[in-house]
Amino acid sequence: MCSPRIFEVNWAALILGKSTVVFLPVTKLMDGGCSNVFPTQPTCLDRYPEHPAVIVHLLLGQPQASAYITRTQIERPSWIPTMIESDRELSAMVQELWDNDINRLRPGTDYRISLQGKAGNLSLMNDGNDAAGLPLFTYVDESIFKKETFLAFISLLDNYESDTGEPEVVTPEEEAENHKFLDSMVKTPAMKIVHKYLVAKNLSPEDMTKFKEQLYRIWFELYARRGSSKPDSSGFEHVFVGETRGGRTVIGFHNWIQLYLQEKLGHIDYKGYSVNANSPQPDENKHILALQFSWKNGIKPKGSIFIGVSPEFEFALYTLCFLTSPNERVRVSFSLYDVEIVCHHYNQKHIGTTYPVLVRYQNDEKKIHS
């Protein structure tokens, strides 16, 4: 009779078959030893890409799978990106973007949210798990949506098939809307700051036409996500619009404007905020929130979003992180926030996903509602 063991680790290296090696960030590995099921392909990363901790059940003794465990502090392979302390240069850039986000909404004044309860386990998706009987947004001053960047952004939200596996067809009208959106972006203070910085680092062309071509490739060029043989996704769709997989799982969807508009239409059921032992308590007067919700009959077990920021701030921030950081997580400090920006590359040419993860609030009493 085998006995279960629990390993406290930071990284687990799973060797599946003879050649596939997958590194998963974990807090616990539970080895039941007696179970009859072992994942034969690395599905965990795709199913739960945004969970800070993944519980993986390992089976020892099965011929098709073996496993070993390494501790981060002892024997992390050199090619695994290390979680670095706050990047000072990048933090200064993000602070400049924040200071120049002239279209940011003020919490409690331009918009109000209702956090309600802490969300439970959504694996069964029933009403008993709903910790929020009311919508997340109780008020948004929609006059902001008349501004150029908001108008251009919102015009793109209905251009996509949400289900992965359904090939995207970009019409001439939609392509024109994409270019109009980029035109509105590059005129903003935030994107001008980012462009100047990227040019200085030889990461972007100085010519504006070529820079917009680079942005189009990163954000709008289509590619095939896992399980699809045809182009069915883009960085913009995944991050700002949201997608569904198999009709039951929501992936991406990291934008507050889309969340508000979909909730207003009755397509979003907010389930409550998400928090764990290592994360700070959410605050209705802050601009970052981890949450759970359902959309189009699919479940988003845990998502993380900025709230109240402008489209140009997020677009500039994520473009900056994509082009400057080889790591898929970069830590920045700005205003009241110490944040990890997750930015997964797809084939090193496109954004796979990107979103903020709040690490902590900075103690600075001089900054209020920032």
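**Close-up views of a predicted model**

**View 1. V194, a residue of helix 6.** V194 is found in helix 6. The model shown here, as in every view below, is predicted. V194 has a relative accessibility of 0%, so this residue counts as buried. Beyond its neighbours within four places in sequence, V194 is in contact with M93, L97, A316 and L320. V194 and S204 lie 10 residues apart in sequence. In space, their C-alpha atoms are 9.7 Å apart.

**View 2. Helix 6 packs with helix 10.** Helix 6 spans residues 189-200, and helix 10 spans residues 311-324. Their axes are 8 Å apart and form an angle of about 15°. Angles under 35 degrees count as roughly parallel, and the two helices are therefore roughly parallel to each other. Their crossing is left-handed.

**View 3. Helix 10 along its length.** Helix 10 has 14 residues. From first C-alpha to last, helix 10 reaches 20 Å. That is close to the 20 Å expected at 1.5 Å a residue. Helix 10 is mostly covered, with 13 of its 14 residues buried.

**View 4. H345 in strand 15.** Strand 15 runs over residues 337-346 and holds H345. Is H345 buried or exposed? Its relative accessible area is 18%. The cut-off for buried is under 20%, so H345 is buried. Leaving aside neighbours within four places in sequence, H345 is in contact with F322, S325, E328, H350 and G352.

**View 5. F253, a loop residue with positive phi.** Most residues other than glycine have a negative phi. F253 is not a glycine, yet its phi is positive, near 65°. F253 sits in the loop between strand 10 (249-251) and helix 9 (256-264). At 1% relative accessibility, F253 counts as buried.

**View 6. K296, in the loop between strand 12 and strand 13.** K296 has its place in the loop that runs between strand 12 (288-295) and strand 13 (298-306). K296 is not a glycine, but its phi is positive, about 50°. How exposed is K296? With a relative accessible area of 42%, K296 is partly exposed. F253, by contrast, counts as buried.

Note on methods. Residues numbered from 1 in each chain as written. Predicted model: local features only at pLDDT ≥ 70, side-chain atom pairs only at ≥ 80, totals over all residues. Heavy atoms only, no water. Axes fitted to C-alpha atoms, helices over the stretch in contact; angles between N-to-C directions. Helix = DSSP H or I, 4+ residues; strand = E, 2+ residues; numbered from the N terminus. Parallel < 35°, antiparallel > 145°, perpendicular 65-115°, else oblique. Left-handed = near helix turned anticlockwise from the far one by under 90°. Expected span 1.5 Å × (residues − 1). Buried < 20%, exposed > 50% of the residue type's maximum accessible area, 1.4 Å probe, protein only. Contact = heavy atoms within 4.5 Å.
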